[in-house]
Amino acid sequence: MRLNQFQYLLSLAEHGSFSKAAQELFVAQPSISQAIKEMEEELGILILRRSNKGISFTPQGKVVLEKAQNIMDEIDSLKLLAQTDRRDVQGNVTIGISPHMLSFLLTDILIDFKSSYPNINLELKEADILSIVKDLDNTKVDLGLIFVCKPDRLGVGNKMKREQLEIYELFTTNMRLVARKDHPLFSVQKPLMLEDTFHYPHIVYSEVLRQMVLDLYSHCGKMGKMTVMNNLDSIRHCVAKTDGITLMIDCLLGDGSTSFENEQLLSLPVEDFQSVCTAVCIRNHGTMTLCEEVILEHLLESTSFYKNEDVAKILNP
């Protein structure tokens, strides 16, 4: 028997259906069904009754469910014991961070991490994506936290593969063209296209995004005014006060974001522009230090809320 079979049973008991359990656990429904079937065959008993109305546990199945709960409780207690021991870990870790990631997500996560692991010293280096990949190659940073976008016009994914970096996917979101809510483009009566946004000034973070924008509009002619600002607060202010347009990830515009709570910025509904972004943690191959290990575990756990079952495989299209 496997631990995930016990986990599947507990989720089935909570949700009452294979589909809802699969959705919660981010696994395919047939995988859960097959795992329970194998468990029934191994034990030689019927655990679940299946019908058009859903599922129910047999009397023997209820006994198995109770024991599964006990097993998972013991596993959780062991994890807690290990976590308690790890709170005494000491060391220094340098993290290269994309500013979009830092602004929307990492501040609260890192504050929480420091409260759990006070003896791990974190040094954060804010930089653009390609600089972080380069710093990893030159061992100037230990971990990198970046967004990789699809289409990958700058070849970031290929560069990470060439450098043989380890890549850990955290979650997926979208990149949007953003403007103030009373921008003239919102009054356009026809479906909004990229060419409609071309002649407005663009404000972007870093040379990397400037090149992305130039490539994005390459079919429209020579690009007009574009400003590069290495500060997201300044970009936010300029977009809110002018007719400027910027590129921003969905997470910075959602209801759960505090980054724009006092601004009136909205995503432009551009029909011929779509860019899916995956947040990843990257590191060089080699032995992972205990400090790096606990940081990575904390990141994966803290960002699990943003995952969904349709996560785009940007790095392996």
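These legends walk you through several close-up views of a predicted model.

**View 1. Confidence along the chain.** Among the elements of the chain, helix α8 (residues 194–197) has the highest mean pLDDT, at 91, while helix α5 (residues 99–116) has the lowest, at 72. Two stretches call for a careful eye. Over residues 255–262, pLDDT stays under 50, and the model has eleven contacts there beyond four places in sequence. Over residues 307–317, pLDDT also stays under 50, with 28 such contacts in the model.

**View 2. The largest nonpolar core.** Here you meet a core of 53 residues, where I120, M175, L177, Y217, L247, L268 and I295 have the most contacts inside it. Strand β6 (residues 165–180) gives the largest share of this core, six residues. A second, separate core has 21 residues, including L12, F18, I32 and A68. Zoom in on I120 and, leaving out residues up to four places away in sequence, you will find that I120 touches V89, G91, V93, F113, K114, C291, V294 and I295.

**View 3. T246 in strand β9.** T246 belongs to strand β9 (residues 246–249). T246 is buried, with a relative accessible area of 4%. Its side chain reaches the backbone oxygen of I203 at 2.6 Å. Beyond its neighbours within four places in sequence, T246 is in contact with R176, L177, V178, I203, V204, I235 and V239.

**View 4. The buried side of helix α9.** In helix α9 (residues 206–216), the buried residues are S206, V208, L209, M212, V213 and L216. These residues lie on the same side of α9 because they cover an arc of only 135° around the axis.

**View 5. Salt bridges.** The model has eight salt bridges, and a few are worth a visit. E38 pairs with R2, their closest N and O atoms being 3.4 Å apart. This pair links distant parts of the chain, 36 residues apart: E38 sits in helix α3 (residues 29–43) and R2 in the segment before α1 (3–15). E38 is partly exposed at 31% relative accessibility, and R2 is partly exposed at 38%.

In another salt bridge, the closest N and O atoms of R180 and D182 are 2.6 Å apart; R180 is buried at 16% relative accessibility, whereas D182 is exposed at 54%. K190 and D196 form a salt bridge at 2.8 Å between their closest N and O atoms. Finally, salt bridges that share partners join E166, R283 and E292 into one network.

Terms used. Residues numbered from 1 in each chain as written. Predicted model: local features only at pLDDT ≥ 70, side-chain atom pairs only at ≥ 80, totals over all residues. Heavy atoms only, no water. Buried < 20%, exposed > 50% of the residue type's maximum accessible area, 1.4 Å probe, protein only. Helix = DSSP H or I, 4+ residues; strand = E, 2+ residues; numbered from the N terminus. Arc of directions from axis to C-beta. pLDDT = per-residue confidence, 0-100. Contact = heavy atoms within 4.5 Å. Polar contact = N/O pair within 3.5 Å; in protein donor to acceptor, adjacent residues only side chain to side chain. Core = buried A, V, L, I, M, F, W, Y, C linked by side-chain atoms within 4.5 Å. Salt bridge = Lys/Arg side-chain N within 4 Å of Asp/Glu carboxyl O.
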